[in-house]
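Please read the briefing below alongside the sequence and the coordinates.

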Amino acid sequence: MKDRGIWRVIVIALFLTFMIVPFLATVLFSISVRWDRTIFPEGLTLEWWDKVTSRSAFETTLTNSFIVSFATMFALAILVTPTAYWAHVRVPRGKPFIEFLTIIPFGIPGVVLALALIRFYSTVPLPLINTPNILVAACMVIALPFMYRPVANALDAIDVHVLTEAAQSLGAGLWQTMIRVIVPNIMPGIVSGCLLVFSTVFAEFTLANLLVGTRFKTFPIYLVEFTRFDGRQASALAVISFVIAWLTSLLIIGIAGRGARPAESLGAR
Amino acid sequence: MTKVGVNARKSKARLAWLGLMPFFLFGIAFEIIPVLTLARSSLMDKGVLTLAQFERALTPLFIESFRNSIQLSAATALLGVVFGTIVAHAIVTTRNQFVRDAITALADVTTNFGGAPLAFAFIVILGSTGVVTLILQTIGINLYPTTFRIYSIQGLTVAYLYFQLPLMILLVIPSLLGLRREWREAAINLGASPMQYWLRVALPILAPSLLGGFLLLFANAFGAYATAWTLTGPDVNLVTVQIAALVRGEVQLDPALADALAMLSLGVMTLCVAGYQWLGGRAHKGAR
């Protein structure tokens, strides 16, 4: 039983290499003068970072991505939290329907969702098609499970009925109960839901590209444009995306622990 | 209780459903109706119910796109299941708590990662002038131009594994933790070799989770678009790439054709996700 551990070390080392090398290589590439002829970079420079971040499109696209991410996050938090609470205390029989609607997004590829929304909303006289509004609505659909799961889990973990009755026997109305009593108690669930939504939407390329395209350029669209045009500047943008995605995920793990993420989570592919 | 009281309570319960209306309206407006619109227009031509659109969708180009998408999804799902389970087994059996937590966290962080930055990272290491390509060249292995290209289905297979592996690891860890040490000891005491234990005891118990994982990974790859688009552009013929091209009107505008393709891919995805849900229920029952 002595050398039983060796296979484990090899397996874990290989896995770590596969997961970390692409990231490290991109970082190094973004600060290399040239790294396409030799095994080691030909000198280091911050020129590409300087160039790419000084463009006005850099700021615009970054801002646009933040706008869409935050709008989606807030809209989902406001839609999902009261619904989950209400279903929990008053309409438990409504839960299967809610869960059905939160599973559907897993089965719809981004391109199909975009197509379906364009098909229907181009026939409806609402200010949706070709605007950031439709992008936010589409992002809400794909991020719905990420908001609902953590909030529902948080509700399951506390005694909602006792808290509600206690608050109401002390004279609190419905909204007061929810905002002053329930929300503080499920805050970790709401926050990790928000962060999951943020990281999913921030990296979303498919929906942004097909629904609004160049009319409202987001950061991933900017990055894809650069991969065709200047690899070294693109690498700086890729590093920024990596860092934002990883930081948000680490925050989620820090706040809610593992398991906040729905196991079947499918992100921005 | 009086009859009036019962009725009042019933109508109150019905009123309570109204509280869920905003959520249901959102789901109906942005999930149900758009998808039904697609379904209808894929089946209707000038007001007549027909399968003609689907027949038209079965051109060699689109058949090939389905073949490519299915092959890519099956290959990355299979590799993801096999290697993900091996890595997950290494993680759950290690005694070092820090290693266990750190690698699980890494899987958690990376499984949510894909799309353009991922594709670009793989160009940096495995592109025609990538660092791994150059290193392999110095030891006499020439990937380009014939052995391997990152801008191809082979390349996509490698890149997709970057999010498939961690997803499988996260999915299978709970089932691996459910394997009791006593089962292994009992099998060994009864004279089974470790190999026999795995084949006759552990794998049958794990089967529903492994199959469920395969289906979910398959769906994950089948619906992916951003990574493929960044890495290969229109060069690789995948279902999602074809649908996106039809949406953008790059190819001649043919709405009904895009709808038919979309419905076919929706069918594949629904089968996978429904299968996963069903197996998930079974796996949980087994664990109890």
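This is a predicted model: local features need pLDDT of at least 70, side-chain atom pairs count only at pLDDT 80 or more; totals for chains, interfaces and linings use all residues.

Residues are numbered from 1 along each chain as its sequence is written, and chains are lettered from A and ligands numbered from 1 in the order in which they are written.

**Confidence**
- Chain A averages a pLDDT of 88, and 93% of its residues score at least 70; pLDDT is the predictor's confidence in each residue, from 0 to 100.

**Fold of chain A**
- Chain A has twelve helices and zero strands, where helices (H or I, at least four residues) and strands (E, at least two) are DSSP runs numbered from the N terminus.
- The C-alpha trace of chain A spans about 75 × 70 × 30 Å along its principal axes.
- Of the 269 residues of chain A, 50% count as buried; a residue is buried if 20 or more other C-beta atoms lie within 10 Å of its own, exposed if 12 or fewer, and partly exposed in between, with C-beta atoms placed from the backbone.
- Among contacts in chain A with a separation of 6 or more, 74% join residues 24 or more positions apart, a contact being two residues whose C-beta atoms, placed from the backbone, lie within 7 Å.

**Domains of chain A**
- Chain A is divided into domain 1 (1–45) and domain 2 (47–256), with bounds that come from an automatic or database domain assignment.
- The centres of these two domains, taken over C-alpha atoms, are separated by 32 Å, and six residues of domain 1 are in contact with nine residues of domain 2.
- The side of domain 1 that touches domain 2 has three nonpolar, three polar and no charged residues; here Ala, Val, Leu, Ile, Met, Phe, Trp, Tyr, Cys and Pro count as nonpolar, Asp, Glu, Lys and Arg as charged, and the others, Gly among them, as polar.

**Contact between the chains**
- In all, 70 residues of chain B are in contact with 69 residues of chain A, and helix α2 (residues 21–43) of chain B gives the most to the chain B side, with twelve residues.
- That side of chain B divides into 47 nonpolar, 20 polar and three charged residues.
- Helix α2(B) bends by about 40 degrees at I28(B), the bend being the angle between axes fitted to the seven residues ending there and the seven starting there.
- The buried residues of α2(B) include F23(B), F26(B), F30(B) and E31(B).
- I39(A), in the loop between α1 (6–30) and α2 (47–54) of chain A, is exposed, with 11 other C-beta atoms within 10 Å.
- Leaving aside neighbours within four places in sequence, I39(A) is in contact with V131(B), L134(B), I135(B) and T138(B).

**Nonpolar core**
- The largest nonpolar core has 164 residues, and A114(A), L115(A), L135(A), A138(A) and I243(B) have the most contacts inside it; such a core is a set of buried Ala, Val, Leu, Ile, Met, Phe, Trp, Tyr and Cys residues joined through C-beta atoms within 7 Å.
- Helix α6 (residues 132–157) of chain A supplies the largest share of this core, 18 residues.
- Both domain 1 and domain 2 of chain A give residues to this core, so the core lies between them.
- Leaving aside neighbours within four places in sequence, I243(B) is in contact with V111(A), V112(A), L115(A), A258(B), L261(B), A262(B) and S265(B).
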